[in-house]
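Welcome to this short tour of a protein model. Please have a look at the sequence and the structure below, and then we will walk through some of the details together.

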Amino acid sequence: MATVLITGANRGLGLGLAQLYAKDGDKVHACCRNPDSASDLKAIEGDVVIHALDVEDPKSIAALKAAIGDEPIDILLNVAGYYGKYIVSEPGGMQDFGDTDYDEWEKINRINVIGPMRMAEAFADNVAASGQKKLITLSSILGSIGGNDVGKMYPYRASKAGANAIMRSMGLDLKEKGITALPMHPGWVRTDMGGPTADIDTETSVAGMKKVIAGLKPDDAGRFIAYDGSELPW
Ligand code: NDP
């Protein structure tokens, strides 16, 4: 059985992944900002340890590292993410040119880029000490520069392009530790972030991601792939 660490595990894709890994008998370190109000997470049956974690806060990441110590982590899943004050389907949600909220952009970067980077630096040795040695950050097709033929969404796109950049480098740099690191696109999913008109449901996305992650080989390090295993343009 694997040990899996998931950020943003109280709702959306993080919750769906926690439910699925726990159901299959894996040990889950499920991290969220407010464990007290994480009722869906607390309802999961199985080997689930809930931790408080705010990925914007270095002290919070250090406290998590202290709690977990040297325990091997087979799969580190950076799922916590932030689109911005308004989701795509809301007024202001397209993050148009001329409408940029720079304070929001800094927050988006702290959560989507710096958070996964800090988590990786804090826990790479735990991943390297495990059997599977996999380190995944949920990115987005919106972070693809080659695949952008729509425009808009400047802060979110830039943050996920940043997430792609750090995961590509980790794919190369952490190979020497035996770690397979990469960014993964979960599909456009009907969560709070994806909104009600998105393409697929959470169950489809998390089942696809789990299957793809289970099949990853060391040579997959640094690839940009989707929940259905397809390769995406950078
Ligand atoms: P949701 O908005 O539904 O959930 C976001 C999660 O991230 C919540 O658990 C939230 O916790 C957590 N989070 C936000 N900020 C922080 C923080 N500072 N510290 C810790 N946790 C935090 O998003 P999804 O589940 O849809 O998305 C998950 C990931 O997948 C994200 O990285 C997203 O960018 C990516 N993605 C999603 C797509 C979609 O269509 N849904 C498409 C492409 C990529 P809290 O409840 O405390 O706010």
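## Charged pairs across the chain

Let us begin with Arg-110 and Glu-56, which form a salt bridge with their closest N and O atoms 2.8 Å apart. This pair links distant parts of the chain: Arg-110 belongs to helix H4 (residues 102-128), while Glu-56 sits in the loop between strand S3 (48-52) and helix H3 (58-68), and the two are 54 residues apart. Arg-110 is partly exposed, at 32% relative accessibility, and Glu-56 is partly exposed too, with a relative accessible area of 21%. Please keep in mind that this is a predicted model.

Another pair is Asp-96 and Lys-152, joined by a salt bridge in which the closest N and O atoms are 2.7 Å apart. Here, too, distant parts of the chain are linked: Asp-96 is in the loop between strand S4 (75-78) and H4, and Lys-152 is in the loop between strand S5 (134-138) and helix H5 (154-173), 56 residues apart. Asp-96 has a relative accessible area of 29%, which makes this residue partly exposed. Lys-152, at 36%, also counts as partly exposed. Elsewhere, salt bridges that share partners bring Asp-220, Arg-223 and Glu-231 into one network.

How many salt bridges does the structure hold? There are nine. One of them joins the side chains of Asp-192 and Arg-11, at 2.8 Å from N to O. Asp-192 lies in the loop between strand S6 (180-185) and helix H6 (202-214), and Arg-11 in the loop between strand S1 (3-6) and H1, so this pair ties together parts that are 181 residues apart in sequence. Arg-11 is partly exposed, with a relative accessible area of 47%. As a general point, side chains of opposite charge can pair when their charged atoms come close.

## Around the ligand

Arg-11 turns up again beside the ligand: of the 28 residues that surround the ligand, the closest are Asn-10, Arg-11, Arg-33, Tyr-156 and Thr-191.

Backbone atoms take part as well. A backbone N or O atom of Gly-8 lies 3.2 Å from an oxygen atom of the ligand, and one of Val-55 lies 2.9 Å from a ligand nitrogen atom. A polar backbone atom of Val-189 is 2.7 Å from an oxygen atom of the ligand. Taken alone, the ligand exposes 890 Å², and the protein buries 94% of that.

## The nonpolar cores

Which residues have the most contacts inside the largest nonpolar core? They are Ile-6, Tyr-21, Leu-41, Leu-77 and Met-184, in a core of 33 residues. At least two core residues come from each of S1, H1, strand S2 (27-32), S4, S5, S6 and H6. H1 gives the most, with seven residues.

A second, separate core has 25 residues, among them Leu-76, Ile-108, Val-127 and Ile-166. In soluble globular proteins, nonpolar side chains tend to be buried together.

## A closer look at Leu-20

Our last stop is Leu-20, found in helix H1 (residues 12-23). Is Leu-20 buried or exposed? Leu-20 is buried, because its relative accessible area is 18%, under the 20% cut-off. Leaving aside neighbours within four places in sequence, Leu-20 is in contact with Val-206, Ala-207 and Lys-210. The C-alpha atoms of Leu-20 and Val-206 are separated by 7.6 Å, although the two residues are 186 residues apart along the chain.

Terms used
Residues numbered from 1 in each chain as written. Predicted model: local features only at pLDDT ≥ 70, side-chain atom pairs only at ≥ 80, totals over all residues. Heavy atoms only, no water. Helix = DSSP H or I, 4+ residues; strand = E, 2+ residues; numbered from the N terminus. Buried < 20%, exposed > 50% of the residue type's maximum accessible area, 1.4 Å probe, protein only. Contact = heavy atoms within 4.5 Å. Salt bridge = Lys/Arg side-chain N within 4 Å of Asp/Glu carboxyl O. Near = heavy atom within 4 Å. Polar contact = N/O pair within 3.5 Å; in protein donor to acceptor, adjacent residues only side chain to side chain. Areas by Shrake-Rupley, 256 points an atom, 1.4 Å probe, with all protein chains shown as cover. Core = buried A, V, L, I, M, F, W, Y, C linked by side-chain atoms within 4.5 Å.
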